[in-house]
Structures are given as C-alpha cells and as structure tokens.
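Trainee: Can you walk me through this one? I have the sequence and the structure open.

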Amino acid sequence: MASASDAQDAVDPARRAALVTTGVVGGAGVVAAATPFVASFTPSERAKAAGAPVEVDLSDIAPGTMKTVEWRGKPVWVLRRTPEMIAAVKKTDGRVADPESKRAAYPTPPYARNELRSIKPDFLIVVGICTHLGCSPVGPMAAGSNLALGDDMGFLCPCHGSTFDLAGRVFKDKPAPDNLEVPPHKYLSETLVLVGDDSKA
Ligand code: FES
C-alpha cells in the first residue's frame, strides 16, 4: 500500500520546485521572494535528489528568516524562530486541528511530537508542501498581513486557503487534512543539522 510519503513523492517535482519560496517576517508584513532551485544539478546534487541526507548549516540563518533545502525532491524549510514567533505558536494551540500531531497521514517523528514540533525551540524543520493537494505555502507571514491568517503569524497556502502556524500546524476547518510533514533529522552540532536521517550514531 502506498504510504503518505509515496503520495508526496508522486507530486511533480518541477512544479513543486517552481513553487518554492523563501521568506522573512518584517515588522509591517510579509516579504516573500520566489527562489527557483538551480535547474541543472551536479552529480552530488543528483545524489541528494535521489534520497541522500542533506546537511544544513544553521549559522547563516538570521532570526526570523528561513532557508530552503532540497531533500528527495521536496523543499524542506528551516525556519529560525524568534522569541516572538515561539510565543505566537503558543497562542494558536486551541485553534489548530491537531495540536499534538497525533494524526498518522504524515507521522511526526517522536522528537518533534510537541507543541513547537521541533527538537530545538528556535528551529522549525518541515517539508514545505501543503498536505491538501501539494502546493507550496508562502511565508512566514507577519500577523495582520493577510485576511486568512488574521492576527496570527504563519504560512498560507494560496491554492485553497489552508493556513498553518509557525510550527507547521494546520488551523481548524481548512482543506489541508494534516500538519506539514516534519522530515527525519538530527543535529550533528550546534550549527549543523542532517535532514533525511535521524538514526542514532
Ligand atoms: S493545496 Fe494547499 S490548500 Fe489546497
């Protein structure tokens, strides 16, 4: 039987790549810029696309911004949350559909099955693909920057209006059936994380 990740793998990678965005939350509103992936990959990049784990350097991610890396043809967001962003997540608990990530379609690894869905509070690591029909949400968006999110900070999927908080948790009564997927990952050091492998050494 096909798994949820098989279903995601079936989404056209080219379309997904075209939808990848990176964003910065500013004081007045969202600043989101389209960042297409490099069209032609080197051999090592092709190996990564085939499934090899990807090392991500965290040292150059400024608070409030995120970096997008590719793992198994999927965009993986690494968002460095500010204290304000962490506080914003805590305010959404009663309004997200699955606050404790208990749903099984996109199983959340045990180490991220917590309110912030992360190993470390300041770093959110999720697959940037909407769990509805596979569009790429935009964000992070500042509170008050759009009607769908209202006073919340988060991500917005422009395809059918699903919204997610800054832990990747989908808000209630939205088309997306599940939270954003947390990929397997582990920290290699304070500033280096490995996406795609959470095995114990
Ligand atoms: S694909 Fe995201 S809301 Fe439909």
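Trainee: How many helices and strands does the protein have?
Mentor: There are four helices and 11 strands. Keep in mind that this is a predicted model.

Trainee: And what share of the residues counts as buried?
Mentor: 46% of the 201 residues. The accessible surface comes to about 9300 Å², and 59% of that belongs to carbon and sulfur atoms.

Trainee: What share of the contacts comes from residues 24 or more positions apart?
Mentor: 58%, counting contacts with a separation of 6 or more.

Trainee: Let's go inside. Which residues touch the most other members in the largest nonpolar core?
Mentor: Trp-77, Leu-79, Val-126, Phe-155, Phe-164 and Leu-166, out of 23 residues in that core. E5, H4 and strand E6 (123-127) each supply at least two residues.

Trainee: Which element gives the most to this core?
Mentor: H4, with four residues.

Trainee: Which residues of H4 are buried, then?
Mentor: H4 covers residues 83-90, and its buried residues are Met-85, Ile-86, Ala-88 and Val-89. Looking down the helix axis, you find the buried residues within an arc of 155°, so they line one face of H4.

Trainee: What is on the other side of H4?
Mentor: Pro-83 and Glu-84 are there, and they are exposed.

Trainee: Back to Leu-166. What is it in contact with, neighbours within four places in sequence aside?
Mentor: The partners include Leu-79, Met-85, Val-89 and Phe-155. Arg-81, Leu-124, Pro-140, Met-153 and Gly-154 are also in contact with Leu-166. Apart from the core we discussed lies another, of 15 residues, with Val-54, Trp-71, Phe-123 and Val-127 among them.

Trainee: Pro-140 was in there. Which peptide bond is cis?
Mentor: The one joining Gly-139 and Pro-140, with omega about 5°. Most peptide bonds are trans. Pro-140 sits in strand E7, residues 138-141.

Trainee: What is the strand order in the sheet with E7?
Mentor: E7-E8-E9, an open sheet of three strands with antiparallel pairing. E7 and E9 are at the edges and have a single partner strand each, so one side of each is left without a neighbour in the sheet.

Trainee: How many bridges join E8 to E9?
Mentor: Two, between E8 (residues 154-156) and E9, and the strands run antiparallel. Phe-155 has Phe-164 of E9 as its bridge partner. Both of those phenylalanines are on the list of residues touching the most other members of the largest core.

Trainee: Changing topic: how many salt bridges does the structure hold?
Mentor: Nine. One of them is between the side chains of Asp-60 and Lys-67, at 2.8 Å, N to O.

Trainee: Is Asp-60 buried or exposed?
Mentor: Asp-60 is exposed, with a relative accessible area of 52%. Lys-67 is partly exposed, at 22%.

Trainee: Which salt bridge does Glu-181 make?
Mentor: The side chain of Glu-181 meets that of Lys-74, at 3.6 Å, N to O. This pair links distant parts of the chain, 107 residues apart: Glu-181 is in the loop between E9 and E10, and Lys-74 is in strand E5. Glu-181 and Lys-74 are buried.

Trainee: And which partner does Arg-169 have?
Mentor: Asp-165, in a salt bridge of 2.8 Å, N to O. Arg-169 is buried, with a relative accessible area of 0%, and Asp-165 is buried with a value of 0% too. Salt bridges with shared partners join Asp-93, Asp-165 and Arg-169 into one network.

Trainee: Last topic, backbone angles. What is phi of Arg-72?
Mentor: Near 50°, a positive value in a residue other than glycine. Most residues other than glycine have a negative phi. Arg-72 lies in the loop between strand E4 (66-71) and strand E5 (74-80), and it is partly exposed, with a relative accessible area of 41%.

Trainee: Where is Asp-173 found?
Mentor: In the loop between strand E9 (163-164) and strand E10 (185-189). Asp-173 is not a glycine either, yet has a positive phi of about 60°.

Trainee: Buried or exposed, that Asp-173?
Mentor: Exposed, with a relative accessible area of 80%.

Definitions and conventions:
Residues numbered from 1 in each chain as written. Predicted model: local features only at pLDDT ≥ 70, side-chain atom pairs only at ≥ 80, totals over all residues. Heavy atoms only, no water. Buried < 20%, exposed > 50% of the residue type's maximum accessible area, 1.4 Å probe, protein only. Arc of directions from axis to C-beta. Core = buried A, V, L, I, M, F, W, Y, C linked by side-chain atoms within 4.5 Å. Contact = heavy atoms within 4.5 Å. Salt bridge = Lys/Arg side-chain N within 4 Å of Asp/Glu carboxyl O. Pairing = 2+ DSSP bridges. Areas by Shrake-Rupley, 256 points an atom, 1.4 Å probe, with all protein chains shown as cover.
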